[in-house]
Amino acid sequence: MEMKKLLKDSKKVATQYTTWVTFVGLLLLLSILTNGQALRWGSIRNLLIAESVRSFAALGVGMIIITKGIDLSIGYVVCLTASVAASFAQNPDYSSAVYAGQSFPLIIPIVAAVAAGGLFGLFNGYLIAYGKLPPFIATLGSMSIAKGLQLIYTKAAVVGSLNQNFKNISQGSVGPVPNLIIYVAIAAFIVWILLKHTRQGTHFYAIGGNAQAARVSGINVERDLMMVYFYAGLLYGTAGTLLASRLGLANSLTANGMELDAIAAVTVGGVSQNGGVGKVSGMMVGVFTMGLINYGMSFLGVDSYYQQLVKGFIIIIAVYFDMKKYARRA
Amino acid sequence: MDTTFALEMEGITKTFPGVKALDEVTLRVKPGTVHALMGENGAGKSTLMKCLFGIYQEDRGIIKLKGKEHRFKDSHDALNQGVSMIHQELSNVPERSVAENLYLGREPLNKIGLIDHKKMNDETRSLLENLEINVKPEVRIGSLSISMQQTCEIAKAVSYNASVVVMDEPTSSLTDNEVQHLFKIINRLREQNVAVIYISHKMEEIFTIADEVSVMRDGQMIGTYDVTEMTNEKLISLMVGRDATLRFPEFKSKVGEVLLKVENLSSPNPRSFQDVSFEVHRGEILGIGGLVGAQRTELMEAIFGVRAIREGKIYVDGDEILNMTPRKAIEHGIGMITEDRRGSGIFPLMDISNNTSIASLKEYLNKLHLLKHKEMKEESVRYNKALRTKTPTMETLIQNLSGGNQQKVIISRWLMTLPDVLIMDEPTRGIDVGAKYEIYQIMGQLVEQGKAIIMVSSEMPELIGMSHRVMVLCSGKCTGVLDKSECTQENIMRLATKFM
């Protein structure tokens with residue numbers, strides 16, 4: 001009897017905290033398979049750094065999915081913002097620099113990239129909230145626009161030779177903690193406050209859960225929807241800046257496919273595609289779960305072709321359980 | 001005449017969580033007759049028909065067609081066995097043609113398994129011609145008027161060559177001429193020995209078209225009668241059954257000054273409400289009566305700012321409010337409990353606490369503009385306790401509550417916004433008798449506190465039992481306002497069918 005109850009309770013916990021259970025399970029599995037080799041601080045640190053930029057994208061699209069939207073433009077918007085940031089951080093003596101011979105204060109690349117991301121967010125948000133375009137289509141269009149702008153702006157060239165100050169933004173560390181991890185923590189904290197402790201955050205959940213009921217409850221659905229895309233855009237701009245800083249360059253391949261990684265990560269992290277459900281903790285765990293899978297497979301020497309395969313299945317399984325969990329009763 | 005019944009339903013019992021919707025109901029329908037099924041809303045007519053049509057599975061009971069026992073697993077099964085049904089709401093695919101809608105799910109195929117459009121259109125054409133319905137099979141069904149779409153649904157039901165055809169309020173969106181046309185079709189079905197079960201609230205229709213009438217009340221079958229031995233009064237007393245006043249709580253409120261005033265409100269849609277004016281006073285319940293399609297909900301949504309208006313004025317406490325939006329309405333002390341609880345009421349995946357506080361978040365911000373979760377929750381608990389919402393915890397998702405308790409959470413939500421005027425659109429729809437009475441009590445308390453309530457209701461006894469005055473709409477126009485003393489079923493019905 002006791003045993004049965006225990007089993008039932010643990011089952012309940014498992015369905016309620018699927019995200020965490022998956023993450024811890026993977027962690028244990030990996031440490032067993034590698035005799036603890038894979039879980040040294042050095043490796044974990046590398047994992048966190050590798051996933052940091054994606055975390056920004058995940059936080060942005062996570063909020064969007066809570067409102068029952070989607071954003072396909074992430075990859076190219078991050079690519080564009082990375083290029084913008086890089087273009088203002090090139091060494092002035094670099095002959096093929098976008099602004100050759102000119103140097104800018106460190107704040108310029110950051111502001112320019114975040115502003116570019118924000119503008120794209122507003123553009124997406126306006127089309128979706130006021131233009132009533134389906135988010136899938138609106139962001140599919142802006143994805144192509146972002147790509148086009150990036151190619152025009154950089155003339156399809158690599159934006160390289162970035163100055164050291166700019167590279168230090170992401171490459172430095174405070175004590176043993178890399179800067180990037182601190183930035184991620186700050187961003188996650190801000191998004192957590194927004195979602196959990198502000199009116200607007202609560203409205204996001206309401207809009208995703210039942211937009212018509214939200215409207216009747218006096219929520220300005222259009223404005224809130226536009227803002228969620230705007231906030232996401234700011235996060236993409238930040239991601240672009242950090243990515244350029246970390247890589248020391250930007251080109252037209254930078255951040256390609258990041259939208260899929262980010263969407264997959266938050267879905268694994270329990271953000272429901274049906275809208276109205278999702279937590280910051282889940283989004284972050286989702287990102288690191290996906291990272292752990294990549295990293296673990298590399299560590300175990302699994303061919304990268306197979307990694308792609310495994311990732312695909314994990315996304316499908318995560319969504320399958322998500323749909324079952326929140327399936328409306330007939 | 002054939003002695004076997006076309007349809008026999010015996011001892012049908014169906015229980016939903018907390019409600020016994022059908023209690024040992026027996027219905028026998030002879031072939032070649034029109035059998036009216038009557039009863040108040042919630043009496044169990046629709047549930048009974050859904051059991052017949054395989055949408056619900058009865059807990060107990062037997063269904064026989066022409067003496068042979070059947071058990072339908074779903075509506076597809078029912079259709080194959082010769083039972084078809086015209087639903088009250090349109091259930092077509094608006095973007096497809098008339099023929100495609102008629103043959104949806106049973107499209108004729110050619111030799112290689114592709115849809116035979118020619119055959120489909122030809123058969124539809126001959127069917128429509130046969131029923132004297134003047135529509136081309138190729139037109140997009142969504143481009144037709146609502147009443148013509150409804151007529152097409154009737155044609156569809158007939159096209160199954162069913163031996164039993166159920167019509168659930170088929171005339172609610174039809175004009176007089178169209179009703180006459182429908183009656184012609186029904187007479188033709190009768191000649192073809194089809195049994196027609198006809199659900200309607202309109203007395204005249206019953207007396208015109210039906211041969212027999214069965215009356216249901218509170219999930220039970222009261223009896224089956226020959227229409228020739230029936231009168232209007234007899235039928236109503238059978239339907240209502242007992243003294244109507246006992247079902248409503250006593251409340252004493254003082255009717256005071258005007259809180260909300262609406263002047264010449266017209267919708268941009270010419271088929272919706274036009275030129276409606278009325279006032280609601282402090283301490284008053286104003287009932288809004290009318291048939292389905294009278295545009296009552298549309299009018300309420302316009303007042304609350306969910307729908308656009310073409311012209312007209314809305315005054316709250318004497319001030320005119322321009323460009324109404326739900327947000328402005330709430331700021332001016334109006335709340336609205338919508339008719340469609342699932343569609344525009346609940347946030348299914350939010351808990352009780354958040355569902356309650358969602359419309360009043362503005363009142364719970366600290367200096368940093370962050371939400372005061374603790375106070376929000378305490379207030380939510382307070383309101384839900386006062387309304388006796390039954391829930392395991394405040395963290396329970398609202399989708400896991402019964403309809404009546406969901407409704408109480410939504411009433412709590414609006415009470416928390418401290419409204420002066422509460423619009424309640426079908427406040428007791430889909431709620432069992434006990435919870436209904438509690439909601440009536442809450443309404444009584446609210447008007448005793450000096451608030452005003454506008455209640456849209458399709459339940460006659462509720463309108464008559466709860467309202468101080470009843471305004472009746474018909475086809476979007478106000479056809480009269482009745483004082484308590486004039487509020488009778490007949491008077492309301494007369495006004496509700498004025499333009500029909």
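1. In chain A of this predicted model, helix α5(A) passes helix α11(A) in a right-handed crossing. Helix α5 covers residues 107-129 of chain A and helix α11 covers residues 221-247 of chain A. Their axes come within 6 Å and cross at roughly 150°. Angles over 145 degrees count as roughly antiparallel, and that makes α5(A) roughly antiparallel to α11(A). Sorted by class, the contact of α5(A) with α11(A) has 21 nonpolar residues, ten polar residues and one charged residue.

2. The crossing of α4(A) and α6(A) is left-handed. From α4(A), the contact takes Tyr76(A), Val77(A), Cys79(A), Leu80(A) and Ser83(A). From α6(A), the contributors include Met143(A), Ala146(A), Leu149(A) and Tyr153(A). By class, the residues of the contact of α4(A) with α6(A) divide into eight nonpolar, three polar and one charged.

3. Chain B should be read by domain. The assignment gives domain 1 as 7-243 and domain 2 as 245-496 of chain B. The C-alpha centres of domain 1 of chain B and domain 2 of chain B lie 33 Å apart.

4. One sheet of chain B is open and has six strands, in the order β6-β7-β8-β3-β9-β10, with mixed pairing. Which strands stand at its edges? They are β6 (83-86) and β10 (220-226) of chain B, and each pairs on one side only. On average, neighbouring strands of this sheet are turned by 20° against each other, direction ignored. Within the sheet, β3 (residues 34-38) and β9 (residues 212-217) of chain B run parallel and are joined by four bridges. To find this pairing in the structure, look at Ala36(B), whose bridge partner in β9(B) is Val213(B).

5. Helix α5 (residues 146-159) of chain B touches β6 and β7 (164-168) of chain B, and its direction makes about 175° with that of β6(B). Helix α6 (residues 176-191) of chain B lies across β3, β7 and β8 (195-199) of chain B. The direction of α6(B) runs at about 145° to β8(B).

6. Strands β13 (residues 285-289) and β18 (residues 452-456) of chain B run parallel, with four bridges between them. Here Gly287(B) has Met455(B) of β18(B) as its bridge partner.

7. How do α13 and α14 of chain B pack, and at what angle? Helix α13 (residues 373-386) and helix α14 (residues 403-416) of chain B have axes 9 Å apart and pack at an angle of about 120°. The helices α13(B) and α14(B) are therefore oblique to each other, and their crossing is right-handed. On the α13(B) side the contact is made by Glu379(B), Ser380(B), Tyr383(B) and Asn384(B). The α14(B) side gives Lys408(B), Val409(B), Ser412(B), Leu415(B) and Met416(B). The residues of the contact of α13(B) with α14(B) divide into four nonpolar, three polar and two charged.

8. The last point concerns the contact between the chains, which takes 22 residues from chain B and 18 residues from chain A. On the side of chain B that touches chain A, the elements that give two or more residues are α10 (326-331) and α11 (341-344) of chain B. The largest share of that side, three residues, comes from α10(B). The residues of the side of chain B that touches chain A divide into 15 nonpolar, five polar and two charged.

Technical notes: Residues numbered from 1 in each chain as written. Chains lettered and ligands numbered in written order. Predicted model: local features only at pLDDT ≥ 70, side-chain atom pairs only at ≥ 80, totals over all residues. Pairing = 2+ DSSP bridges. Axes fitted to C-alpha atoms, helices over the stretch in contact; angles between N-to-C directions. Contact = placed C-beta atoms within 7 Å. Nonpolar A, V, L, I, M, F, W, Y, C, P; charged D, E, K, R; others polar. Domains from an automatic or database assignment. Parallel < 35°, antiparallel > 145°, perpendicular 65-115°, else oblique. Left-handed = near helix turned anticlockwise from the far one by under 90°.
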